Amino acid sequence: MSPGRKTGEASELRKNLKPLMEKRRRARINGSLGQLKTLILPLVGKDNSCYSKLEKADILEMTVQFLKELPTSCGTLPGECDAGLHTCVSLC
């Protein structure tokens with residue numbers, strides 16, 4: 001088998017797999033957006049039944065707005081909230 005033939009077969013295989021990979025990628029994105037929607041709607045005080053048909057952009061915008069409005073009582077470094085978390089858990 002010549003090297004040119006192997007390259008052609010690999011190219012053909014990639015060409016055939018690309019739509020399948022794209023379909024899986026889109027399915028992952030849509031699944032994650034669906035989960036995000038079910039998480040964010042109750043947090044922003046919206047009823048899931050009234051917002052069954054939200055556009056992807058709407059879900060992302062609501063999430064960004066919610067995150068912007070979160071109180072910033074913790075520091076900017078991830079480990080800075082640990083002490084408060086441990087205190088909270090020990091009080092429960």
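Residues are numbered from 1 along each chain as its sequence is written, and side-chain values use heavy atoms, with hydrogens and water left out.

Gln65 belongs to helix α2, which covers residues 56-69; helices (H or I, at least four residues) and strands (E, at least two) are DSSP runs, numbered from the N terminus. With a relative accessible area of 40%, Gln65 is partly exposed, a class that lies between buried, meaning under 20% relative accessible area, and exposed, meaning over 50% (1.4 Å probe, protein chains only). Gln65 is also 9.5 Å from Val44, C-alpha to C-alpha, although 21 residues separate the two in sequence.

The secondary structure as a whole comes to 3 helices and 0 strands, and along the sequence it reads α-α-α. Confidence is given by pLDDT, the predictor's confidence in each residue, from 0 to 100; the average for the protein is 82, and 73% of the residues score at least 70. Among the elements, α2 has the highest mean pLDDT, 94, while helix α3 (residues 82-91) has the lowest, 61. Where pLDDT is low, the predicted coordinates should not be read in detail.

Helix α2 also holds Thr63, which counts as buried because its relative accessibility is 12%. Leaving aside residues up to four places away in sequence, Thr63 touches Leu36 and Ile40, contact here meaning heavy atoms within 4.5 Å. Thr63 and Leu39 are 24 residues apart in sequence, yet their C-alpha atoms are 9.3 Å apart in space. Leu39 is found in helix α1 and, at 57% relative accessibility, counts as exposed.

Leu41 lies in helix α1 as well, but with a relative accessibility of 0% Leu41 counts as buried. What does Leu41 touch, once residues up to four places away in sequence are not counted? The residues in contact with Leu41 are Lys46, Asn48, Tyr51, Leu54 and Met62. Across the protein, buried residues make up 9% of the 92 residues.

Side chains of opposite charge can pair when their charged atoms come close. A search of the whole structure finds 2 salt bridges, a salt bridge being a side-chain nitrogen of Lys or Arg within 4 Å of a carboxyl oxygen of Asp or Glu. Glu22 forms one with Arg25, their closest N and O atoms being 2.7 Å apart, and the side chains of Glu22 and Arg26 also meet in a salt bridge, at 3.0 Å from N to O. Glu22 and Arg25 both lie in helix α1, 3 residues apart, whereas Glu22 and Arg26, in helix α1 too, are 4 residues apart, and this spacing is about one turn of the helix.

Leu13, Leu17, Leu20 and Met21 form a nonpolar patch with about 380 Å² of accessible area together; patches are made of residues with over 30% relative accessible area and no salt bridge, like charges being joined within 9 Å and nonpolar side chains (Val, Leu, Ile, Met, Phe, Trp, Tyr) within 5 Å. Of these residues, Leu13 has its place in helix α1, residues 3-43. The protein exposes about 8,000 Å², of which carbon and sulfur atoms supply 60%; accessible areas come from the Shrake-Rupley method with a 1.4 Å probe, and for residues only the protein chains shown count as cover.

Notes:
Predicted model: local features only at pLDDT ≥ 70, side-chain atom pairs only at ≥ 80, totals over all residues.
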